[in-house]
Structure formats: C-alpha cells, structure tokens
Amino acid sequence: MTAKDVKIFRLGELFCGPGGLALAAINAQISNPEYKIVHQWANDYDLDTCNTYRRNICPDNVESVICEDVRKLDIEMLGTIDALAFGFPCNDFSVVGEQKGFNGTYGPLYSFGVKALKCYRPLWFLAENVRGLKSANEGRAFEKIQKDLKKAGYKIYPHIYKFEEYGVPQARHRMIIVGIRDDLPYEYKIPSPRLYKEIDITCKNAIENPPIDKNAANNELTKQSAQVVERLTYIKPGENAFTAKLPKRLQLNVKGAKISQIYKRLDPDRPAYTVTGSGGGGTHIYHYAEPRALTNRERARLQTFPDEFIFEGSKESVRKQIGMAVPSRGAKVIFEAILNTFAGIPYESVESSIGNDN
C-alpha cells in the first residue's frame, strides 16, 4: 500500500492533554466514510490528564497512553503512525504575561514533535499553540519552528484560527500549523468559517441549552467569600472589577496592569472570553446571571466538551485540564478539512492569516 492509498489514519499525540484534539479527530466525518482518524498512542506528563484521556478516548486500550515527561520519553518505541498531533506547551509563547519564547522552560518542547516527525514520517500533522507564538522572541521563535518543520520534510500551512468563527462559544484564537509530507501531491486549504455563521455561539446558549443535569460530573460550585459574592452583584454582565462601579470597600488594590478578565462577568449575548486553566482570585470566569464563578462543567461546555466527557482529578486539576485543552468542535473542522484534502473532496476555503511560502 502506498501513502496515497491510506484512508484510515492512525494518530499519535504528544502533549495530548485531556483529549480535545483526540475527540475532534475520532469524530471527524466527511462525505466519503472510508476516510477517518483513529487513536494509536498518546503522551502527556500529568497523571490526571492521562487518566481523563484514557477514560474518554481509549477506555479499551489504556496502555496506549504513556504518562511520562516527553524529555524522558523513548519516542522511537511508540509505534508507527500515519498522522501526528501535538499541542506543544504554550506557557512561554503566551501574550498574557512575559513572553519568554525559546528562553523559557517550555519553548523548546516543540522539538520533540519534530523528532517524532523525523522518526515516523507520518503523512500529515497538526501542531497547536497560542497566537502569541507568532511574535515571541521578536518573531524569531515562529520563524525557527517553521524552518524546522519544513526541514523535517513537510509543507506547512499555518493560520491563526478564531474558534468563535467556527461554532465555538468562546473567543479563543490559536495558531495551528497543518503539515503535509512534502513528497505527497496534496495541498491543504484553510476551511472557510462561512458555514458556521448561523450557529448560536452565545455563552448563554452553550451553558443553558440543554440544561446541565444537577448531578452532572465536574459540576461542583466554587466556594466564594461573602465579599466576592457582594462584589459580583455590582459587576454587570460584560464588566470586570475595574470597569464596574464598585464601592470603595470592594475595589481591588492593584497597581500597574489591570487585567481585563479579573472578576469579569460573561455577556450572555456574546461568546465567552478565553477559558484559562490557572490563576488565582478573580480568574475563574463569572456567570452572567448569578454572582458566582462557573463550574468546571460549564467551562467544559464553553470548550465544547460533551457532558458525558468526564474529567479525572481534583476540582483544580480539572479546571487546568479544561483550560489547556483545544475546543473539539473547532479542531473537528480542521481535521475534516485534512480528510477532505486526502480524499480529493473540494471544500470552501479562505486565505491564511499568515501566508504560505511552501
């Protein structure tokens, strides 16, 4: 069988997270049902995250998820794959806080994705990171990553996807690089968001329709002080602790940068702001109608995880997993575009936000 004959793509994942990309991949469907993606193996360093992935993605093959620091992982022993996904850690490329890029702890970890590409020569890959990747290290980080991916033998198609344009009820902008092996005749195109314009992407619709069962998993309320509850009663939907008219006793004593998401209430008529996985008081995302933080289940809905997708670990661990994940509904659009590319099925596309110099 030649590379052009492959229709069922065995997917390997590095930095797999709880399974946002995997869920999208295995659920991706196109008009030719012969083309699909199946799970082969996955790796992450966090045990709760790996257990979540095992429970929801591959419950009958839990050994296929290797819980280990990628820096100690024997990549050559993972097994043959046809496709690779790697949402390499974004901490050092984020536009929130200091952009350390390659000078940080996490910046160089993308190189393990490159190593896997060289080892297994999959037909295609999908790499995901924050949009800040483009500007980290004065743009040199993104330039080097592109160069290394091409040197590994791939045509690359980078684009900043605004997931709220693809049916996700959350303003989440991510750099995604699709790569196709350079000896193959296929050319990937950025899928057009036009088909998703009629979807109701308000956070209110995502959280309320259908109603979340009171006994749903990962739906515990956050314990909040009386002061926080009172502060939230003064903050209107769409406002935060600095734009709302708060009594002096409830104002935050903050010097310097005032982050707009601190105690920010959701606007029910708009997509949510970006769901994050960490942060102290005021960063938990706050309900539009009730003076409280969202539950993890509500956050998971904003990330388009179905209610039957159950996260393992403590409440704070689950919050981290949800915030670090890729929204599966948005990623599914990209995986389906890849499948259409290999199946030779035309689809509506747009120009890349970055350009393509393959």
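What follows is a dialogue on how terms are applied to this predicted model.

Biologist: What are the ground rules for this model?

Modeller: The model is predicted, so local features need pLDDT of at least 70 and side-chain atom pairs count only at pLDDT 80 or more, while totals for chains, interfaces and linings use all residues. Residues are numbered from 1 along each chain as its sequence is written, and side-chain values use heavy atoms, with hydrogens and water left out.

Biologist: What is the average pLDDT of the protein?

Modeller: pLDDT is the predictor's confidence in each residue, from 0 to 100. The protein averages 91. A score of at least 70 is reached by 92% of the residues. Over residues 90-107, however, the pLDDT is below 50. That stretch still has 44 contacts in the model beyond near neighbours in sequence, a contact being heavy atoms within 4.5 Å. Where pLDDT is low, the predicted coordinates should not be read in detail.

Biologist: Why is the link between Glu-187 and Lys-155 called a salt bridge?

Modeller: The term needs a side-chain nitrogen of Lys or Arg within 4 Å of a carboxyl oxygen of Asp or Glu. Here the N to O distance is 3.5 Å, so the pair qualifies. Glu-187 sits in the loop between strand E7 (173-181) and strand E8 (190-191), and Lys-155 in strand E6 (residues 154-162). The two are 32 residues apart. Helices (H or I, at least four residues) and strands (E, at least two) are DSSP runs, numbered from the N terminus.

Biologist: Why is Lys-155 called buried, and why is Glu-187 called partly exposed?

Modeller: Buried means under 20% relative accessible area, exposed means over 50%, and partly exposed lies in between (1.4 Å probe, protein chains only). Lys-155 has 11%, so it counts as buried. Glu-187 has 43%, so it counts as partly exposed.

Biologist: What makes Glu-348 and Arg-194 a pair that ties together parts of the chain?

Modeller: Their side chains meet in a salt bridge at 2.8 Å, N to O. Glu-348 lies in the loop between H9 and strand E9 (349-350), and Arg-194 in the loop between E8 and H5, so the pair ties together parts that are 154 residues apart in sequence. Glu-348, at 35%, counts as partly exposed. Arg-194, at 47%, also counts as partly exposed.

Biologist: How far apart along helix H8 are Glu-316 and Arg-319?

Modeller: They are 3 residues apart in helix H8 (residues 315-324), so about one helical turn separates them. Glu-316 is partly exposed at 43%, whereas Arg-319 is buried at 1%. By the rule, the count comes to 17 salt bridges. Glu-290, Arg-292 and Glu-298 are linked in a network of them.

Biologist: Why is H1 said to be largely enclosed?

Modeller: 6 of its 8 residues are buried, so H1 is largely enclosed by the rest of the structure. Among them are Gly-20, Leu-21 and Ala-25. The buried residues pack against E1, strand E2 (36-44), helix H2 (47-56), strand E4 (83-86), strand E5 (124-130) and H9.

Biologist: How do you know that Pro-18 is buried?

Modeller: Its relative accessibility is 3%, so Pro-18 counts as buried. Pro-18 is in the loop between strand E1 (8-14) and H1. Leaving aside neighbours within four places in sequence, its contacts include Thr-49, Tyr-53, Phe-305 and Ala-325.

Biologist: What makes Arg-121 and Ile-285 stand out in phi?

Modeller: Most residues other than glycine have a negative phi, and most peptide bonds are trans. Arg-121 has a positive phi of about 50° although it is not a glycine. Arg-121 lies in the loop between helix H3 (110-120) and E5. Arg-121 is partly exposed at 31%. Ile-285 has a positive phi of about 70°, and is not a glycine either. Ile-285 is in the loop between H6 and helix H7 (296-302). Ile-285 is buried, at 2%.

Biologist: Which peptide bond is called cis, with omega of about -5°?

Modeller: The bond joining Asn-209 and Pro-210 is cis. Pro-210 lies in the loop between H5 and helix H6 (226-234).
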